[in-house]
Amino acid sequence: MRNYTAVTTFILLGLTEDPQLQVLLFIFLLITYVLSVAGNLTIITLTTVDPHLKTPMYFFLQNFSFLEISFTSACVPRFLYSISSGDRTITYNACAIQLFFTDLFGVTEFFLLATMSYDRYVAICKPLHYTVIMSSRVWKGFIFICWVSALIVILPPVGLGLGLEFCDSNIIDHFCCDASPILKILCSVTWLIEQMVIACAVLTFIITLLGVALSYVYISRTVLRFPSAQQKKKAFSTCSSHMIVVSITYGSCIFIYVKPSAKDEVAINKGISLLITSISPMLNPFIYTLRNKQGKQAFQDSIKKMALLSKL
């Protein structure tokens, strides 16, 4: 007969027990976290103050940057504290909150990426109707739908998971509270919740990926009809940043859900999770600003204004 325990705290195993590797990991995470927050805050600031960036694309990018800051902040600071202090414990309530918000921000990002691809579709395939279709009311409506859709996806499995009983183990083999390692230490019947987690993840992945793929199929068909190579290059360049971010995001998730051997599964999943929570949020601001003329120009103008103000 199994022992059931009223768990009040968990122990997060992290990534490594090696002290030297932990120092390197701490420095790496701290640098990527600071760059991620600084880069995404820069995008939010530029899209707020620059009148030339008051367009649907930059409005969605502003919200995407907010999600990136929120997502990485839900995981990384707690892990940095754990490495620096050696305290790997996390309370049940803190773990539940971390799980909820990382899932919420992550799923919302997928729906937002699909929305951003639709925006590019309208801009390239229906340019004459763009301002009518993508009005301010529509922008805000899309953002609202992204958040509500994410809540609808994550609330059923998270709601079912709360209150379930754990065995005598409270050790989570991860650096943050993630659904997969938590399910492994549950004593309750987990078949239903496991199937629900898989269904919600696959449903979100397929629906949003289908939206992105359809948008780019129509974009490609339209662009290939353009008469000049210069027009084609300009059209594809407006989508290149989004396509790179989509490739990184969906590619990382494919690696997680492609089943490796049981021996390597945990290590690979933790490694990809680290990539998603640290590298991706840091790269996205550079991808969007360095590959976008308006973004680069707004950044340069802001630097010039700050330089002038500092001389006064």
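Visitor: Which residue forms a salt bridge with Arg88?

Guide: Glu17 does, with the closest N and O atoms 3.0 Å apart. A salt bridge here is a side-chain nitrogen of Lys or Arg within 4 Å of a carboxyl oxygen of Asp or Glu. This is a predicted model: local features need pLDDT of at least 70, side-chain atom pairs count only at pLDDT 80 or more, and totals for chains, interfaces and linings use all residues. Residues are numbered from 1 along each chain as its sequence is written, and side-chain values use heavy atoms, without hydrogens and water.

Visitor: What does the pair tie together?

Guide: Glu17 sits in the loop between strand E1 (9–12) and helix H1 (19–49), and Arg88 in the loop between helix H2 (56–85) and strand E2 (89–91), so the pair ties together parts 71 residues apart in sequence. Helices (H or I, at least four residues) and strands (E, at least two) are DSSP runs, numbered from the N terminus.

Visitor: Glu17, buried or exposed?

Guide: Exposed, at 58% relative accessible area. The cut-offs are under 20% for buried and over 50% for exposed, partly exposed in between (1.4 Å probe, protein chains only).

Visitor: How many salt bridges does the structure hold?

Guide: It holds 2. Arg120 and Asp119 also meet in one, at 3.0 Å from N to O. Arg120 is buried at 10%, and Asp119 is buried at 1%.

Visitor: Switching to Glu109, where is it found?

Guide: In helix H3 (residues 92–125). Glu109 is buried yet has no salt bridge. Its nearest side chain of opposite charge, Arg120, is 17 Å away, counting Lys and Arg as positive and Asp and Glu as negative, with His and the chain ends not counted.
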